[in-house]
Amino acid sequence: MDISVVIPLYNEEESLKELHAWIKKVMDNHAFTYEVLFIDDGSTDESWEVIKDLAALYPEVHGYKFSKNYGKTAALQTGFNETKGRVVITMDADLQDSPDEIPELYRMITEERYDLVSGWKQKRYDPLSKTLPTKLFNATTRYIHDIHLHDMNCGLKAYDSKVTKNILIYGEMHRYIPVVAKWSGFSKIGEKVVHHQARKYGRTKFGLERFFNGFLDLLSITFVNKFGKVMDNRSK
């Protein structure tokens, strides 16, 4: 299989059919073999019913549902565990990420041999309450971990499957997947400018509590990594 598309979601019932149709159009136009994995992170709307309807109609669609809201990291890890494609694409379910980016992301992984390619939304349509924390995260992470990506937390990413099968993420670590990948030996990390669309349905699920949780996770994983290196050096 060429591509696995992993889509974590929470209360996105309005966008799912439109998103799947868009993905299907892109995949069919490029003759990709693919699967779409919708990971329902405990939605309280009709998202799961929509996913079940799509799965009944389209064999490439697979759905996974959590009993409660565990967060984006848990949803992504579940998707990573289940993928079968050579290249794994992650994107958000709110139609702000464009499936039209998939063919070039796939090419960068398969032809340019990147381990991971992160999207870079140069022009964003998010509220200030989301863009300012994102800029702070990106600047802090670049400084601490020496990974030169403009948009570390962009939901639209492409991975060689060997990356997604060999990393483990938890807490709010979806924000720092490039960091985790680098620690795991996958050092060819690049980025691609991608189109960011204004939200069409609903509202953002981002909250300040996740900003603080994410920052605490950054501190904790930095400590664990540096502590681990110290212990390794002492044991030699």
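Q: How many bridges join strand β1 to β2, and in which sense do they pair?
A: This is a predicted model, in which local features need pLDDT of at least 70, side-chain atom pairs count only at pLDDT 80 or more, and totals for chains, interfaces and linings use all residues. Residues are numbered from 1 along each chain as its sequence is written, and side-chain values use heavy atoms, without hydrogens and water. Strands (DSSP runs of E, at least two residues) and helices (runs of H or I, at least four) are numbered from the N terminus, and two strands pair if DSSP finds at least two bridges between them. Strand β1 (residues 3-9) and β2 pair in the parallel sense, over 7 bridges.

Q: Which residue of β2 is the bridge partner of Val 5?
A: Strand β2 spans residues 34-40. Within β2, the partner of Val 5 is Val 36.

Q: With which side chain does the side chain of Asp 41 make a polar contact?
A: Asp 41 lies in the loop between β2 and α2 (47-57), and is buried at a relative accessible area of 4%. A polar contact is a pair of N or O atoms within 3.5 Å; within protein, one must be able to donate a hydrogen and the other to accept it, and residues adjacent in sequence count only if both atoms are side-chain atoms. At 2.5 Å, the partner side chain is that of Asn 69.

How values were computed. Buried < 20%, exposed > 50% of the residue type's maximum accessible area, 1.4 Å probe, protein only.
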